[in-house]
Amino acid sequence: MNNEFISKLNDIAEQVNLYLDKNVASKDNLQKVVYEAMRYSLLAGGKRIRPVLAIEAAAVFGITAEKVMPFACAIEMIHTYSLIHDDLPAMDNDDFRRGRPSCHKQFDEATAILAGDALLTMAFEIASKGAIEADNVRGGIEAVKHIAYCAGTEGMIGGQIVDLDAETRKISEKELIYLCERKTGALLRVPVMVAAAVAGKENTSEADCLLEYADTVGLAFQIKDDILDVEGDINVLGKPIGSDKQEGKTTFVTLHGIEGSKKILRELTEKAFKACDRMRNFCKTEKQKEACEFLRELAVFLLERNY
Ligand code: GRG
């Protein structure tokens, strides 16, 4: 991988970590354990792909990272809540996440449920504060609405409930794509939606290009996840592999095999490149062009990732 890209990715992830650390602070009060559980899962070293996408999409639209940071971090908090709840015995029942015991193993089930709920709730507190303080208040409110929609019943929660149902029967490819677009895709699309809203670029050709990029990368992300569940390294992934097979789930790998899935992944990456190339035609400044190039590299990173 390109060293310059990795170093920029790490720099942005570090800015996100600092913001989260500061805004989801510990508290020494009677409910301090819920803060501990939130911070335990939130500050456990995730890749921060979703906030990175929001920040770089913002750069492509010509606005600074600072302007989208509250929304970008709210999305990461919602992503972390979803992982905490997904690991619970009532859902996927996974004991490890991000290389350490999952939240309910480290604490207990009730605390993990509340920590997830608290991350979701605080995400909206932080995003709303971001909207109130935004130069473009209307765009900020639109961003909050997009986050709610994409996390909700037409987005991630909708995808998760369809996924639970899909564990009980074989599903078609069409249903699998429907499920992935919501369960994984919605939280990868919303970073671009919030960046466009805050930048005042909604419903523009530029926004369409980046949304196509995000949707393509979102599907590729899930296919890569399915492949890693078969041939990933548990020590690098930070969670066990083989859970899909154990549960008899329909995945891209069960439908297309490993090689077939890798081929689809490469095709989707090519499609993401094309969306970036179209986007580049709208970029006026060097900064915007650099961000476009970064998104291209991000698609490669997600294709090649082993964690
Ligand atoms: C419980 C409401 C609710 C929803 C759960 C997203 C989700 C829905 C469950 C996660 C299950 C899963 C492993 C999905 C595959 C895609 C995915 C979200 C992988 C984890 O995301 P990464 O790789 O994780 O960005 P890090 O740890 O790097 O942030």
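Close-up 1. Phe 5 is tucked away: buried, with a relative accessible area of 3% (buried means under 20%, exposed over 50%, and partly exposed in between, using a 1.4 Å probe and protein chains only). This is a predicted model, where local features need pLDDT of at least 70 and side-chain atom pairs count only at pLDDT 80 or more, while totals for chains, interfaces and linings use all residues. Residues are numbered from 1 along each chain as its sequence is written, and side-chain values use heavy atoms, with hydrogens and water left out.

So who pairs up here? There are four aromatic pairs in total, counting rings of Phe, Tyr and Trp (its six-membered ring) whose centres lie within 6.5 Å, with planes under 30 degrees apart called stacked, over 60 edge-to-face and the rest tilted. Phe 5 and Phe 301 make a tilted pair, 5.9 Å from centre to centre with 50 degrees between the planes. Phe 5 belongs to helix 1 (residues 3-23) and Phe 301 to helix 14 (residues 286-304), so the pair links parts of the chain 296 residues apart (helices are DSSP runs of H or I with at least four residues, strands are runs of E with at least two, and both are numbered from the N terminus). Phe 301 counts as buried too, at 7% relative accessibility. Ring pairs join Phe 5, Phe 294, Phe 301 and Tyr 307 into a cluster.

**Close-up 2. Tyr 40 meets Phe 107.** These two rings form an edge-to-face pair, because their centres are 5.5 Å apart and their planes sit at 80 degrees. Tyr 40 comes from helix 2 (residues 32-42), while Phe 107 is in the loop between helix 5 and helix 6 (109-133), 67 residues apart. Tyr 40 is buried at 13% relative accessibility, whereas Phe 107 is partly exposed, at 22%.

**Close-up 3. Two arginines over rings.** The charged end of Arg 296 sits over the ring of Phe 273, 4.2 Å from its centre. To count, NZ of Lys or CZ of Arg must be within 6 Å of the ring centre and within 35 degrees of the ring normal. Arg 305 does likewise with Phe 221, its charged end 4.1 Å from the ring centre.

**Close-up 4. Lys 105 on helix 5.** Lys 105 has its place in helix 5 (residues 103-106). This lysine is partly exposed, with a relative accessible area of 48%.
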